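Hello,

Here is the structure I promised to pass on. Please open it alongside this note, and then read on for what turned up in it.

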Amino acid sequence: QVQLVESGGGLVQNGGSLRLSCAASGSISSIGDMGWYRQAPGKQREFLAASIRDGNTHYADSVKGRFTISRDNAENTVYLQMNSLKPEDTAVYYCNAEIYSVYTRIWRNYWGQGTQVTVSS
């Protein structure tokens with residue numbers, strides 16, 4: 001079994017900061033790209049940031065310059081530092097990772113359970 005567990009969400013004021021963490025655990029042989037998405041009520045899940053296995057990063061225009069993705073390969077963890085938060089950033093935040101499992105021996109896309117971020121105005 002492979003699991004992704006997010007943490008670090010919560011309530012923050014307009015202009016504040018939060019740092020999300022997502023730890024992968026289980027029968028992991030290798031981890032490829034890791035990323036963050038969010039879904040606000042009544043909206044589709046949207047891409048925010050990706051940490052590519054080769055070291056590159058990509059960001060959605062809506063968060064570029066405010067959010068920073070990073071990863072600790074030794075800990076199988078990806079982070080999302082969120083600064084200058086706005087009320088429109090309120091959503092459930094999900095992490096995503098491409099993982100090669102020891103047991104299935106295939107690459108598969110996994111999602112975390114999500115963590116709520118609420119930015120008050």
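Let me start with burial: of the 121 residues in the chain, 42% are buried, where buried means under 20% relative accessible area, exposed over 50%, and partly exposed in between, using a 1.4 Å probe and protein chains only. Before going further, please note that this is a predicted model, in which local features need pLDDT of at least 70 and side-chain atom pairs count only at pLDDT 80 or more, while totals for chains, interfaces and linings use all residues. Residues are numbered from 1 along each chain as its sequence is written, and side-chain values use heavy atoms, with hydrogens and water left out.

**Overall picture**

The chain has 0 helices and 11 strands; helices (H or I, at least four residues) and strands (E, at least two) are DSSP runs, numbered from the N terminus. Its C-alpha trace spans about 45 × 25 × 25 Å along the principal axes. The radius of gyration of the chain is 14 Å, which agrees with the value near 14 Å for a compact globule of 121 residues; it is taken over C-alpha atoms, and the globule rule is 2.2 Å times the number of residues to the power 0.38. Of the contacts between residues at least 6 apart in sequence, 56% join residues at least 24 apart, a contact being heavy atoms within 4.5 Å.

**The core**

The largest nonpolar core holds 29 residues, and those with the most contacts inside it are Trp36, Leu80, Met82, Tyr93 and Ile99. Such a core is a set of buried Ala, Val, Leu, Ile, Met, Phe, Trp, Tyr and Cys residues joined through side-chain atoms within 4.5 Å. Strands that each supply at least two residues of this core include S1 (2–7), S3 (18–26), S7 (67–72), S8 (77–82) and S9 (91–101). S9 gives the most to this core, with 5 residues.

Leaving aside neighbours within four places in sequence, the residues in contact with Tyr93 include Glu6, Leu20, Tyr37, Arg38, Leu80, Met82 and Val117.

**A four-stranded sheet**

Next, look for the open sheet of 4 strands in the order S1-S3-S8-S7, with antiparallel pairing; two strands pair if DSSP finds at least two bridges between them. S1 and S7 are the edge strands, each pairing on one side only. On average, neighbouring strands of this sheet are turned by 15° against each other, direction ignored; the axes behind such angles are lines fitted to C-alpha atoms, for helices over the stretch in contact, and angles run from 0 to 180 degrees between N-to-C directions.

S8 is mostly covered, with 5 of its 6 residues buried. S3 and S8 run antiparallel and are joined by 6 bridges; Cys22, for instance, has Val78 in S8 as its bridge partner. S7 and S8 also pair in the antiparallel sense over 6 bridges. In S8, Gln81 is the bridge partner of Thr68, and Tyr79 is the bridge partner of Ser70.

S7 and S8 form a hairpin with 4 residues between them, and Asn76 in the turn has a positive phi of about 50°. Asn76 counts as partly exposed because its relative accessible area is 24%.

**Around Ser101**

Which strand holds serine 101? Serine 101 is in strand S9, and it counts as buried because its relative accessible area is 2%. A polar atom of the Ser101 side chain lies 3.3 Å from the backbone oxygen of Ser27 and 3.4 Å from the backbone nitrogen of Thr104. For reference, a polar contact is a pair of N or O atoms within 3.5 Å; within protein, one must be able to donate a hydrogen and the other to accept it, and residues adjacent in sequence count only if both atoms are side-chain atoms. Leaving aside neighbours within four places in sequence, Ser101 is in contact with Val2, Ser27, Ser29, Ile106 and Tyr110.

One last stop is Arg105, in the loop between S9 and strand S10 (107–111). Arg105 has a positive phi of about 60° although it is not a glycine. At 63% relative accessibility, Arg105 counts as exposed.
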